[in-house]
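Reader: Please take me through this model in questions and answers. Start with the chain as a whole and then go to single residues.

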Amino acid sequence: MPIWSKVDQLHKDSLEFRLLRMNGYNVSPDSFCWFLNDEEIQDHLKTNIDHLFLVMLSVYRATDLIFPGESELEKAKEFSRKLLKKNEFVDEIMVSSSHIKHEMSTPWMARLKHLDHRMWIEDRDSNVIAIGKASSVCLHADKLTHLASKNFELRQAVYRREMEDLIKWVKKWGLYDIGFGREKTTYCYFAASSSTSLPFESAANVRKLMAKSGILITVADDFFDEEGSSDELEPLTEAVMRWEGKELKGYGKIIFKALDNHIKETAETYRKQHGTDITNHFRNITWDGLDIRDILRYLDPDPDPYPYPADP
């Protein structure tokens, strides 16, 4: 195979590997790490890196998702990283060196994908569409940039609608202006929506679950740490143990009712999708997540005054 064909094949294979692995397919690193056993192509990449830095960037990005023991991916990452560090070869007309530095300085898992997209969209001075793509797409850069902008705006609209629904839920159950502690609705939703790597369309329920759980844990934590007396904390703790809050009053009643609604709502969504009732399992997770045993020790110095609820 001619050397230029090998380079082209490496570019395609690295893009294919990343696409498949990021979408959950079981694909072997051998599918693109074959170049590590080919001295000819390695020498060619080193010698012509000024023309092939996009290929190396695709190789580097393909190594983002590494599982333990995948030494080939580690070697491919190190090989491409060394070449990409030589910023003098970067053609600033094609892509800003700052973008490549961003790729290498910030781990994949630490980046906010949608903010990365915005960064590329807003870079009007470089041919950012070419990053990790075949050069032929440059002919349609304006159209692709327009579509990317529309997609970003659509996602933002969905996020705004979900945020509005979350605020309505918080207000409905009395958590928004509870009168003490931290109001973390926006913070919890941002953390949930920016961190999940699930497909955008199917992650709505996950974002809602994470955000509501974070809000409830924050409110409950502040109640136990700052506001609640032992006369208020003990009934709430026992209500969570029994999962029965009819006798609760005040802040404890607000927290328990919101928690109960959150669990019922999530369990019902899961039941409709998978046909399984996870209510009891979710309640046990909540028990562990609220550190109930430590709370009980605070209320009663006797060790383990109450047993854990039975496993689901």
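**The chain as a whole**

Reader: Among contacts in the protein chain between residues at least 6 apart in sequence, what percentage join residues at least 24 apart?

Author: This is a predicted model, in which local features need pLDDT of at least 70, side-chain atom pairs count only at pLDDT 80 or more, and totals for chains, interfaces and linings use all residues. Residues are numbered from 1 along each chain as its sequence is written, and side-chain values use heavy atoms, with hydrogens and water left out. A contact means heavy atoms within 4.5 Å. Among contacts between residues at least 6 apart in the protein chain, the share that joins residues at least 24 apart is 63%.

Reader: How many helices and strands are there in the protein chain?

Author: Elements are DSSP runs numbered from the N terminus: helices are H or I of at least four residues, strands E of at least two. From the N terminus on, the run of elements reads α-α-α-α-α-α-α-α-α-α-α-α-α-α. The count for the protein chain is zero strands and 14 helices.

Reader: What percentage of the 312 residues counts as buried?

Author: Buried means under 20% relative accessible area, exposed over 50%, and partly exposed in between, with a 1.4 Å probe and protein chains only. The areas come from the Shrake-Rupley method with a 1.4 Å probe, and for residues only the protein chains shown count as cover. The protein chain exposes about 18,300 Å², of which carbon and sulfur atoms supply 52%. Of its 312 residues, the buried share is 42%.

**Salt bridges**

Reader: How many salt bridges does the structure hold?

Author: Side chains of opposite charge can pair when their charged atoms come close. The criterion for a salt bridge is a side-chain nitrogen of Lys or Arg within 4 Å of a carboxyl oxygen of Asp or Glu. The number of salt bridges in the structure is 13.

Reader: With which residue does Glu40 form a salt bridge, the closest N and O atoms being 2.9 Å apart?

Author: The closest N and O atoms of Glu40 and Lys6 are 2.9 Å apart. Glu40 lies in α3 (residues 39-47) and its partner in α1 (residues 3-22), so the pair ties together parts 34 residues apart in sequence. The partner of Glu40 is Lys6.

Reader: Is Asp222, which pairs with Arg182, buried or exposed?

Author: The salt bridge between Arg182 and Asp222 has its closest N and O atoms 2.8 Å apart. This pair links distant parts of the chain, 40 residues apart: Arg182 sits in the loop between α8 (141-172) and α9 (185-195), Asp222 in helix α10. Arg182 is partly exposed, at 42%. Asp222 has a relative accessibility of 3%, and counts as buried.

Reader: Which helices each supply at least two residues of the negative patch?

Author: Patches are made of residues with over 30% relative accessible area and no salt bridge, like charges being joined within 9 Å and nonpolar side chains (Val, Leu, Ile, Met, Phe, Trp, Tyr) within 5 Å. The negative patch on the surface gathers Asp225, Glu226, Glu227, Asp231, Glu232 and Glu234. Asp231 lies in α11 and is exposed at 65% relative accessibility. The helices supplying at least two residues each are α10 (204-227) and α11 (230-242).

Reader: Which residues form the positive surface patch?

Author: Lys85 is in the loop between α5 (71-84) and α6 (97-105), and is exposed at 52%. The positive surface patch consists of Lys46, Lys82, Lys85 and Lys86.

Reader: What separates the C-alpha atoms of Phe53 and Ser80?

Author: Phe53 belongs to helix α4 (residues 49-62) and is buried at 4%. Along the chain, Phe53 and Ser80 are 27 residues apart, and their C-alpha atoms are separated by 9.0 Å.

Reader: Which residues does Asp260 touch, not counting residues up to four places away in sequence?

Author: Asp260 is in helix α12 (residues 250-274) and counts as buried at 14%. Its C-alpha atom is separated by 8.8 Å from that of Arg283, 23 residues apart along the chain. Leaving out residues up to four places away in sequence, Asp260 touches Trp243 and Arg283.

Methods: Lys and Arg count as positive and Asp and Glu as negative; His and the chain ends are not counted. The place of a charge is taken as NZ of Lys, CZ of Arg, CG of Asp or CD of Glu.
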